[in-house]
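Hi,

Here is the structure I promised to pass on.

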Amino acid sequence: MSMNFVGTPDQLAALFAAVAKVQGDMGVAVKDREGQSGRATYKYADLNAIDNAFDKHLENNGIAPMFFPGEFSPDGGVVSASFLLAHSGGGAVWTHMSIPMIETVAKDGTRFYAPQPYGSADTYLRRYTYN
């Protein structure tokens, strides 16, 4: 994952101050979903819960979150996305993240990347780029 900052020192200082205020004001995203990996089960916050925890506080502090799905590389099975936090004062920070996608195997043994795992990977990236 890479992270980039855009803006003058004053613009970035205003962005960082606004982010600190958001972090102090907001609660915790409710982990109301269950997942399973092998034998282990776990709880997680879905994208809607994360949006509900963040959006009001971001808006009140002049911060706009933007998510940009990246290209899917079927040859390498990689999904990527970029996430931008833009502040009304002009500063911004953006990250780019890539993760491998799960390959699907058809009954005849053909391997391919199905749309549903792509959607899961996209949602995963949206949840984790908020962090």
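Below is what I found, going from the overall layout to the details.

First, some housekeeping. This is a predicted model, so I kept local features to pLDDT of at least 70 and side-chain atom pairs to pLDDT 80 or more, while totals for chains, interfaces and linings use all residues. Residues are numbered from 1 along each chain as its sequence is written, and side-chain values use heavy atoms, with hydrogens and water left out.

**Overall layout**

The protein chain has three helices and eight strands. Here helices (H or I, at least four residues) and strands (E, at least two) are DSSP runs, numbered from the N terminus. Reading from that end, the order is β-α-β-β-α-β-β-β-β-β-α. Buried stands for under 20% relative accessible area, exposed for over 50%, and partly exposed for anything in between (1.4 Å probe, protein chains only). Taking the contacts (heavy atoms within 4.5 Å) with a separation of 6 or more, 48% are between residues 24 or more positions apart.

**How the strands pair**

I call two strands paired if DSSP finds at least two bridges between them. Strand β2 (residues 33–37) runs antiparallel to strand β3 (residues 40–44), with five bridges joining them. Gly35 sits opposite Tyr42 of β3. Two residues lie between the strands of this hairpin, and Gly38 has a positive phi near 65°.

β5 and β6 are also antiparallel, with nine bridges. Val78 is across from Pro100 in β6. This β5–β6 hairpin has four residues between its strands, and here Gly90 takes the positive phi, near 110°. β6 also pairs with β1, again antiparallel, through five bridges. Within that pairing, Phe5 has Val93 in β6 as its bridge partner.

**The core**

For a nonpolar core I took a set of buried Ala, Val, Leu, Ile, Met, Phe, Trp, Tyr and Cys residues joined through side-chain atoms within 4.5 Å. The largest one holds 23 residues, and Ile63 and Leu125 touch the most other members. Two or more residues come from each of α1 (9–25), α2 (47–60), β4 (63–73), β5 (78–87), β6 (92–100) and α3 (115–129). The biggest share is from α2, with five residues. As background, nonpolar side chains tend to be buried together in soluble globular proteins.

Apart from neighbours within four places in sequence, Leu125 contacts Phe67, Val79, Ser80, Ala81, Met97 and Ile99. Asp122 is in helix α3, and this residue counts as buried because its relative accessibility is 12%. Not counting residues up to four places away in sequence, Asp122 touches Phe67 and Pro69.

**Helix α1**

The length of α1 works out: its 17 residues should span 24 Å at 1.5 Å a residue, and the end C-alpha atoms are 24 Å apart. (The expected span is 1.5 Å times one less than the number of residues.) Its buried residues are Leu12, Leu15, Ala18 and Val22. They cover an arc of only 125° around the axis, so they sit on the same side of α1. That arc is taken from the directions from the helix axis to the C-beta atoms. Pro9, Asp10 and Gly24 are exposed on the other side of α1.

**Aromatic pairs**

Rings of Phe, Tyr and Trp (its six-membered ring) pair if their centres lie within 6.5 Å; planes under 30 degrees apart are stacked, over 60 edge-to-face, and the rest tilted. That rule gives two aromatic pairs. Phe5 and Phe16 make an edge-to-face pair, at 5.7 Å centre to centre and 85° between the planes. Phe5 lies in strand β1 (residues 2–6) and Phe16 in helix α1, so the pair ties together parts that are eleven residues apart in sequence.

Cheers
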